[in-house]
Amino acid sequence: MRVWPGKPYPLGATWDGRGVNFAVFSEHATRVELCLFDSPSASTESFCIPLRERTDFVWHCYLPDLKPGQLYGYRVDGPYEPHHGHRFNAHKVLMDPYARAVGRRLRWDDAMFGYRIGDPAEDLSFDTRDNAHCAPLAAVTDDRFRWRGDRPPHVPWHKTVIYELHVRGFTMMHPDIPPEIRGTYAGLASRPAIEHLLKLGVTAVELLPVHHHVDDRHLVERGLSNYWGYNTLSYFAPDTRYAADKSPNGSIAEFKRMVRTLHRHGLEVILDVVYNHTGEGNHHGPTLSLRGFDNRHYYRLVPGQPRYYMDYTGCGNTLNMLCPRVLQLIMDSLRYWVTEMHVDGFRFDLASALARELHEVDKLGAFFDIIHQDPVLSRTKLIAEPWDLGEGGYQVGNFPVGWTEWNGKYRDNVRRFWKGDGDAVSEFATRLCGSSDLYEHNGRRPYASINFVTAHDGFSLNDLVSYNHKHNEANGHGNDDGDNHNLSWNCGQEGPTDDPEVNSLRGRQMRNFMATLLLSQGVPMIRSGDEICHSQGGNNNAYCQDNEINWLDWDLSHEQKDFFEFVSRILRIWRANPVFQRRQFFQGRAIRGKQQKDIHWLTPDGEEMSDSDWHSMHARCLGVILNGDMTDEIDEFGRQITGDTMLLLLNALPHEVPFILPGNPERVKWQLEVDTAFSMTAVRKYSASSTYLLKSRSMVVLRQVSRRWARLRQRLDWGKPRAVRPTVLAPSLDETNSAEAAEALEVEPENGEIQPTAGT
């Protein structure tokens with residue numbers, strides 16, 4: 001076989017149409033060999049080629065006779081000195097850190113460890129067994145693909161709705177998707193899947209990790225797997241578990257077709273990425289890739305005790321962000337997924353670990369500086385999970401400009417408010433308005449807050465209102481895993497029940513949570529399955545359950561269909577009203593010197609809340625007017641954005657509250673859009689100053705409407721020379737008869753009190 005010197009860049013295996021260039025980094029290695037395998041079933045390499053060229057610690061060669069599809073790995077020799085941080089072992093075949101595709105998955109065996117399993121010296125011992133028969137192998141790829149004019153949707157942040165999903169779990173049980181593509185990238189790009197997403201009204205899918213990952217050995221031996229995928233082995237290769245075509249090039253092409261199809265329907269693709277640790281674990285872990293190439297460079301080691309790993313992730317190791325080659329690996333990976341795979345953004349798992357330059361979290365760390373300056377990545381959607389498990393790791397609100405954050409404080413406060421905790425109302429108002437206390441001080445906007453009530457990690461929305469305690473027995477950890485601080489409430493009975501009152505309350509609470517989430521300022525994120533009331537049986541840490549616990553069941557009951565329609569309706573309201581999509585924070589100041597403010601907070605008496613109201617330990621009921629005349633908001637053409645004024649009424653009390661609707665009764669009417677006390681809401685208009693009977697534990701959304709001439713007089717009084725258009729009322733879901741709907745629109749209150757009624 002001909003071997004040419006090759007080039008040190010780009011790293012990885014690169015086919016140029018004539019041959020393949022191989023390049024890998026290792027500063028402390030004494031010898032690097034390229035191993036070529038004939039097939040996935042091969043028990044040993046067919047060729048072992050020493051890399052004799054080394055440039056700036058990059059070992060490289062060029063093989064003019066190779067083509068895409070070739071399987072390969074590396075053997076790297078050097079000192080095995082754990083006490084000095086070195087763990088080289090040439091008996092182990094290693095996965096290329098820059099592998100674009102995985103041609104053979106890991107097969108667990110004692111030979112996968114650099115030390116002898118069971119030896120009293122533990123990881124200080126040295127294992128001489130060859131692992132070529134069971135090591136994971138990389139594959140040379142052909143990156144050519146017809147994108148057919150693919151154009152990213154470029155949805156602005158303030159118009160974004162994120163849907164967090166697992167590629168496999170979302171489609172695995174969908175009856176309308178062909179069985180051969182269920183649970184795959186192709187399944188996600190199928191018509192039934194996309195129709196669901198579009199009908200729901202989301203704008204972006206956030207995929208749980210699709211980088212090729214390792215299933216922990218202890219899980220495999222118990223018949224489980226690392227279902228979530230937070231155990232990365234390759235930062236470039238799409239996981240073949242989620243591909244209908246499991247060949248190396250086929251899985252890449254399938255992923256690209258998925259992205260192209262989602263883009264065609266206006267849906268962005270965001271990847272959940274895990275650059276804080278790898279699947280090699282701590283000092284007792286296997287030697288799969290980075291550990292064998294240059295352990296001391298790639299991982300953060302304990303100062304003075306380099307045998308051990310700094311663990312800010314709870315997964316055994318932490319990548320060494322102080323090393324330029326590690327930063328290069330991450331940046332090259334991110335750029336690859338944007339430029340070659342056309343993804344639109346990233347959600348960074350345990351992002352605080354990426355900012356640890358020494359020990360403390362540094363929000364201006366090198367990683368963030370590089371991202372900020374990168375002409376490609378700085379224009380993508382960047383989402384941080386702003387915490388890790390190390391000291392000072394909870395950094396909500398402290399990430400730099402250009403980043404959005406999972407707002408854990410939003411999640412906790414909204415849960416507390418609807419659970420009925422009396423001291424939550426003041427903070428609740430701040431969270432509802434975009435969390436200015438967290439993001440305004442450093443120049444960020446409301447959309448810096450990724451609002452969520454539930455996520456993959458924790459209870460589903462159904463379980464949040466059905467369980468007081470976690471039930472993780474199926475995970476095999478004695479129910480000791482998972483968070484104990486769930487802020488959940490089972491509404492009176494633990495788990496499933498036939499009690500109609502309990503089930504009715506649970507439905508109301510789910511509607512409260514979803515309406516609050518979708519109508520708060522910021523970017524809402526919906527957990528996949530919440531819109532159809534998916535339950536995990538109380539498991540709040542289902543990371544290892546590749547089964548019906550995580551897979552969505554699409555055989556929907558009448559109640560589940562009603563809830564899906566409710567969520568879709570709330571998203572239509574959100575989309576139709578610009579006041580829910582503000583790019584600026586509310587100021588609570590009068591508009592242009594007039595009395596009308598951009599936001600009002602109300603007591604049930606219809607009066608503006610005072611300081612004593614805000615600080616009352618028993619305040620659980622309030623209203624908020626969001627002014628549709630947004631003088632501080634303009635569109636992309638410089639025009640002022642003006643929409644309808646909206647009124648939200650929120651009652652977390654266990655009893656009904658009469659709420660006086662604000663405004664001048666001669667000019668203002670309020671149209672009922674949503675009442676979460678009912679799964680469907682009748683279309684009605686109510687006069688200002690009348691009393692709305694707000695049901696217990698419920699939320700009401702009303703839109704301000706006016707008679708045309710009253711509205712004209714009001715606007716002339718304001719001195720705004722602007723054309724006036726008659727109000728056009730959007731049809732509601734329960735508007736089945738136009739005559740009945742017209743009659744409902746003219747319903748006037750009797751005796752000043754209104755009883756909201758459920759639709760049919």
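Modeller: Let us begin with handedness: a crossing is called left-handed if the near helix is turned anticlockwise from the far one by less than a right angle, and right-handed if clockwise. In this predicted model, the crossing of H7 and H8 is right-handed, and the contact (heavy atoms within 4.5 Å) is made by Leu 327, Ile 330, Met 331 and Leu 334 of H7 together with Ala 366, Phe 367, Ile 370 and Ile 371 of H8. These residues divide into eight nonpolar, no polar and no charged, where Ala, Val, Leu, Ile, Met, Phe, Trp, Tyr, Cys and Pro count as nonpolar, Asp, Glu, Lys and Arg as charged, and the others, Gly among them, as polar.

Colleague: At roughly what angle do the axes of H7 and H8 cross?

Modeller: Two packed helices are described by the angle between their axes and the distance between the axes. Here the axes of H7 (residues 324–339) and H8 (residues 366–373) cross at roughly 35° and come within 11 Å; axes are lines fitted to C-alpha atoms, for helices over the stretch in contact, with angles running from 0 to 180 degrees between N-to-C directions. Helices (H or I, at least four residues) and strands (E, at least two) are DSSP runs, numbered from the N terminus.

Colleague: Why does Glu 385 count as buried?

Modeller: Buried means under 20% relative accessible area, exposed over 50%, and partly exposed in between (1.4 Å probe, protein chains only). Glu 385, in the loop between strands E20 (381–384) and E21 (404–406), counts as buried because its relative accessibility is 7%. Its side chain is joined to that of Arg 347 by a polar contact of 3.2 Å, that is, a pair of N or O atoms within 3.5 Å, of which, within protein, one must be able to donate a hydrogen and the other to accept it, residues adjacent in sequence counting only if both atoms are side-chain atoms.

Colleague: How many residues of helix H6 are buried?

Modeller: Eight of the nine residues of H6 (residues 290–298) are buried, among them Arg 291, Asp 294 and His 297, and the buried residues pack against elements including strand E2 (20–25) and H7.

Colleague: What pLDDT does the protein chain average?

Modeller: The pLDDT, the predictor's confidence in each residue from 0 to 100, averages 91 over the protein chain, and 91% of the residues score at least 70. Over residues 709–760, however, the pLDDT is below 50. Local features need pLDDT of at least 70 and side-chain atom pairs count only at 80 or more, whereas totals for chains, interfaces and linings use all residues. Residues are numbered from 1 along each chain as its sequence is written, and side-chain values use heavy atoms, with hydrogens and water left out.
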